[in-house]
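Take a walk through this model from the inside out. Start with the packing, then turn to the charged side chains.

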Amino acid sequence: MSSTYYFAIVGTNDSPLYETELGVQRDESKYLNQFIVHAALDLVDDAQFMSTACYLKTVDRYNDWNVSAYVTPSNIRLMLLHEAKADDAIRLFFTDCHELYLKTLLNPFYEPNTPIQSQAFDVKVNTLAKKYLF
């Protein structure tokens, strides 16, 4: 089964810091994926005040797509658009991506709340996706 995932890291000012399609890539759905994730940001803001956990599970649904979210203590939102329902694997993926983002923040050449353009970061996210999501 070939699944498609859309992963985005959204900054504190609601702008995307990082985004990628994982799995089978479809160019025609790129803007739809961005729209669905951006539309779910308000629901993430509401859900984060109802829970003390970082992992908020599924916060929104659009047709057959689910939007899962993870909110860091610094209010950076990790969002995953997916079809399959695998909460434990998604939670582990988010936890490792959060750790990867923290390592990026420790880089003295990275300015917080700016887009992440590191090719090494992209490779590591793809490796985590293969480990947990596929």
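The paragraphs below cover the cores, a helix, a hairpin and the salt bridges.

This is a predicted model: local features need pLDDT of at least 70, side-chain atom pairs count only at pLDDT 80 or more, and totals for chains, interfaces and linings use all residues. Residues are numbered from 1 along each chain as its sequence is written, and side-chain values use heavy atoms, with hydrogens and water left out.

Begin with the largest nonpolar core, which has 25 residues. Such a core is a set of buried Ala, Val, Leu, Ile, Met, Phe, Trp, Tyr and Cys residues joined through side-chain atoms within 4.5 Å. Buried means under 20% relative accessible area, exposed over 50%, and partly exposed in between (1.4 Å probe, protein chains only). Among the residues with the most contacts inside this core are Phe7, Leu80 and Phe94. Strands S1 (4-10), S2 (16-23) and S5 (77-82) each give two or more residues to the core, as do helices H3 (87-105) and H4 (119-132). H3 gives the most, with six. Helices (H or I, at least four residues) and strands (E, at least two) are DSSP runs, numbered from the N terminus. Another core, of 16 residues, lies apart from the largest one and includes Ile36 and Trp65.

Now look at helix H2 (residues 41-48). Leu41, Val44 and Gln48 are buried there. They cover an arc of only 50° around the axis, so they sit on the same side of H2. That arc is taken from the directions from the helix axis to the C-beta atoms. Asp42 and Asp46 are exposed, on the face turned away from the buried side.

Strands S3 and S4 run antiparallel and are joined by six bridges. Strands pair if DSSP finds at least two bridges between them. S3 and S4 form a hairpin with two residues between them. In that turn, Asn63 has a positive phi of about 55°.

The whole structure has three. Arg77 forms one with Asp14, the closest N and O atoms being 2.4 Å apart. Arg77 lies in S5 and Asp14 in the loop between S1 and S2, so the pair ties together parts 63 residues apart in sequence. Arg77 also meets Asp45 (3.0 Å, N to O). Arg77 counts as buried, at 1% relative accessibility.

Note on methods: A salt bridge is a side-chain nitrogen of Lys or Arg within 4 Å of a carboxyl oxygen of Asp or Glu.
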